[in-house]
Amino acid sequence: EVVRLLLAHPGVQVNTTGPLGITALSLAAVLGQTAAVRMLLQHPGIDVNAAAHTAEASRASALYLAVYKGWSEVVRLLLAHPGVDTSVLHQGSLLGHVAQRGKRIAEYREVLQLL
């Protein structure tokens with residue numbers, strides 16, 4: 001409900017990075033907050049490819065972070081958004097990381113099926 005109220009504010013800057021160096025979309029994606037991701041993706045000004053700017057997640061988009069964490073429903077929402085850049089999936093060892101975890105964790109297997 002808080003996300004909905006904030007997004008309804010006329011001057012909301014939906015792609016601004018917060019103190020952690022990531023956007024609201026990236027934060028919702030990394031935390032697996034499906035409802036918040038869905039609402040943010042509906043905002044007309046959302047930059048689905050905005051990158052995080054932190055030491056831990058340099059240049060990582062919401063899609064990259066959701067894949068890395070294994071949030072299959074969030075990955076599904078992001079992949080369905082027009083304009084999403086899937087080239088981030090080939091950064092570093094992301095797919096190897098997901099494949100290794102997919103052997104043990106069902107959620108990662110779902111992510112692999114989406115990719």
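Which residues have the most contacts inside the largest nonpolar core? I began my entries with this point.

**Entry 1. Ground rules**

I am working with a predicted model, in which local features need pLDDT of at least 70 and side-chain atom pairs count only at pLDDT 80 or more, while totals for chains, interfaces and linings use all residues. Residues are numbered from 1 along each chain as its sequence is written, and side-chain values use heavy atoms, with hydrogens and water left out.

**Entry 2. The core**

I looked up the largest nonpolar core and found 29 residues in it, with Leu25, Val37, Leu63, Val67 and Leu78 making the most contacts inside it. At least two residues of this core come from each of α2, α3, α4 (62-69), α5 and α6 (94-102). Helix α4 gives the most, with six residues. I note the definition: such a core is a set of buried Ala, Val, Leu, Ile, Met, Phe, Trp, Tyr and Cys residues joined through side-chain atoms within 4.5 Å. Buried means under 20% relative accessible area, exposed means over 50%, and partly exposed lies in between (1.4 Å probe, protein chains only). In soluble globular proteins, nonpolar side chains tend to be buried together.

I then followed leucine 25. Not counting residues up to four places away in sequence, Leu25 touches Val37, Leu40, Leu41, Ile46, Asp47, Val48, Ala62 and Leu78. A contact here means heavy atoms within 4.5 Å.

**Entry 3. The whole chain**

I counted secondary structure next and recorded seven helices and zero strands. From the N terminus the order is α-α-α-α-α-α-α. These elements are DSSP runs numbered from the N terminus, helices being H or I of at least four residues and strands E of at least two.

Of the 115 residues in the protein, 40% are buried. Among contacts with a separation of 6 or more, 61% join residues 24 or more positions apart. The protein exposes about 6600 Å², and carbon and sulfur atoms supply 56% of that area. The areas come from the Shrake-Rupley method with a 1.4 Å probe; for residues, only the protein chains shown count as cover.

**Entry 4. Helix α3**

Which residues of α3 are buried? In this helix, residues 34-42, I list Ala36, Val37, Met39, Leu40 and Leu41. Their cover includes α1 (2-8), α2 (24-31) and α5 (72-80).

**Entry 5. The second largest pocket**

I recorded a volume of about 220 Å³ for the second largest pocket. It is lined by 13 residues, of which Val3, Leu6, Ala24, Ala36 and Leu40 are the closest to its centre. Helices α1, α2 and α3 each supply at least two lining residues, and α2 gives the most, with four.

The lining divides into 11 nonpolar residues, two polar and no charged. In this scheme Ala, Val, Leu, Ile, Met, Phe, Trp, Tyr, Cys and Pro count as nonpolar, Asp, Glu, Lys and Arg as charged, and the others, Gly among them, as polar.

For the method, I note that a pocket is an open set of points on a 1 Å grid over the protein atoms alone, where a 1.4 Å probe fits, with protein on both sides within 12 Å along at least five of seven lines; lining residues have an atom within 4 Å of a point. Grid points are joined across faces, edges and corners, and the volume is the space filled by probe spheres set on the points.

**Entry 6. Two serines**

Is serine 26 buried or exposed? Serine 26 has a relative accessible area of 1%, so it counts as buried. This residue lies in helix α2. Beyond four places in sequence, Ser26 touches Ala50, Ala60, Ser61, Ala62 and Leu65.

Serine 61 sits in the loop between α3 and α4 and is buried because its relative accessible area is 3%. Leaving aside neighbours within four places in sequence, Ser61 is in contact with Ser26, Asn49, Ala50, Ala51 and Val88.

Glycine 21, in the loop between α1 and α2, is buried at 12% relative accessible area. Its C-alpha atom is separated by 9.1 Å from that of alanine 51, 30 residues apart along the chain.

Glycine 18 is also in the loop between α1 and α2, but is partly exposed at 33% relative accessibility.

Glycine 45 belongs to the loop between α3 and α4 and is partly exposed, with a relative accessible area of 38%. Glycine 45 touches Val14 and Asn15, not counting residues up to four places away in sequence.
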